[in-house]
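Here is a short report on one protein chain. Look at the structure first, then read on.

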Amino acid sequence: MARHAPPGSLTLAALAERCGAALDGDGSVRISHVGTLESAEPGAIAFLANPKYASQLGGTRASAVVDPTATLGAGVAIGPHATVAAGATLADDVSIGPGCAIGADVRIGARSRLDARVVVYHRCVIGEDALVYAGAVIGADGFGLAADGDRWLRVPQIGRVLIGDRVEIGANTTIDRGAIDDTVIEDDVKLDNQIQIGHNCVIGAGTAIAACVGIAGSTRIGRKCRIGGAANISGHLSIPDGTTLGGATTVLSSIDKPGAYSGAWPVQPYADWRRTAARLRRIDALAARVAALERALRERDNEG
């Protein structure tokens, strides 16, 4: 038997039309009443006006939530179950997918598109024409910890993430906010899926980074670099413009000259790899023996 709509209900599409708002998602969802964040059931529309109720956003069952102090440009589209917090600014034609969480005072530039379940933390900035795929997290706290005896103390992370124009950010990629200064992703950077970028990193314009790369904090990567999948880049170092890193390369210190670099161990049959590994474990002893032989030869030559 067909389920009848409750008397006086409107579809989200019709409600958006009446209010002059844009809608992205299932416009056929019917709204019949207004509810609080805590008690709303499907079919209710809710709002957030007092920050002390912000903790209820995650558990609300309301069909739509936008803070009344947010600023929405013309043609903005917000999907079902997305939240837009106080003071956020969405420029013209921004598209926010289902289940996204846009934090307080976030700014998103014109025509940028966020797919489902993207999280943008407070005060972060995304430029124009950006594309952020599902599950990306922008602006979570960096791994800022200080040892205090046998405990770790969390260092406040008060910077932001600044993302330029025409940037693409892959699914489930995470970009940590700066500790004091900002984390910066410059114009035209292309990031694949499941990349980790630590706090206070700077990624230069036009750089492309493949999947599963890990970049530790305070690293500066130049413009128009190419970084292969699963590369690991240590923190507090720099990589010059135009550098290429092969897949699975490990970078432990700064690179002075642009060029192509690779640090991956070539694949071998397992038995060969075991022999190689066993020899490498004896490399220090072998080096000491060679040094001793060289000293003995020098002493003999001097005596002669």
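## A sheet of nine strands

Nine strands form an open sheet with parallel pairing, in the order β7-β10-β13-β16-β21-β24-β27-β30-β33. The edges are β7 (71-72) and β33 (238-239). Each has a single partner strand, so one side of each is left without a neighbour in the sheet. Strands here are DSSP runs of E with at least two residues, helices are runs of H or I with at least four, and both are numbered from the N terminus. Two strands pair if DSSP finds at least two bridges between them. Strands of a sheet pair through backbone hydrogen bonds, either parallel or antiparallel.

Look inside this sheet at β21 (residues 161-163) and β24 (residues 183-185). They run parallel and are joined by three bridges. I163 of β21 stands opposite I185 in β24.

The model is predicted: local features need pLDDT of at least 70, side-chain atom pairs count only at pLDDT 80 or more, and totals for chains, interfaces and linings use all residues. Residues are numbered from 1 along each chain as its sequence is written, and side-chain values use heavy atoms, leaving out hydrogens and water.

## A sheet of ten strands

Another open sheet has ten strands, again with parallel pairing. Its order is β6-β9-β12-β15-β18-β23-β26-β29-β32-β35. The edge strands are β6 (65-66) and β35 (250-251), and each pairs on one side only.

Follow β18 (residues 137-140) in this sheet. Two bridges join it to β15 (residues 119-120), and the two strands run parallel. V119 stands opposite V137, and V120 stands opposite I138. β18 also pairs with β23 (residues 174-176), in the parallel sense over three bridges. There, the bridge partner of V137 is T174.

## A hairpin

β19 (residues 145-148) and β20 (residues 151-154) pair in the antiparallel sense over four bridges. D148 has R151 in β20 as its bridge partner. Two residues lie between the strands of this hairpin. G149 takes a positive phi near 65 degrees there.

## The core

Which residues touch the most other members of the largest nonpolar core? They are I96 and I102, in a core of 47 residues. A nonpolar core is a set of buried Ala, Val, Leu, Ile, Met, Phe, Trp, Tyr and Cys residues joined through side-chain atoms within 4.5 Å. Buried means under 20% relative accessible area, exposed over 50%, and partly exposed in between (1.4 Å probe, protein chains only).

I102 touches T83, V84, A85, A88, L90, I96, I108, L114 and V120, leaving aside residues up to four places away in sequence. A contact means heavy atoms within 4.5 Å.

## The whole chain and its surface

The chain has three helices and 36 strands. Of its 304 residues, 37% count as buried. Among contacts with a separation of 6 or more, 14% are between residues 24 or more positions apart.

Is Y270 buried or exposed? Y270 counts as exposed, because its relative accessibility is 58%. This residue lies in helix α2 (residues 270-281).
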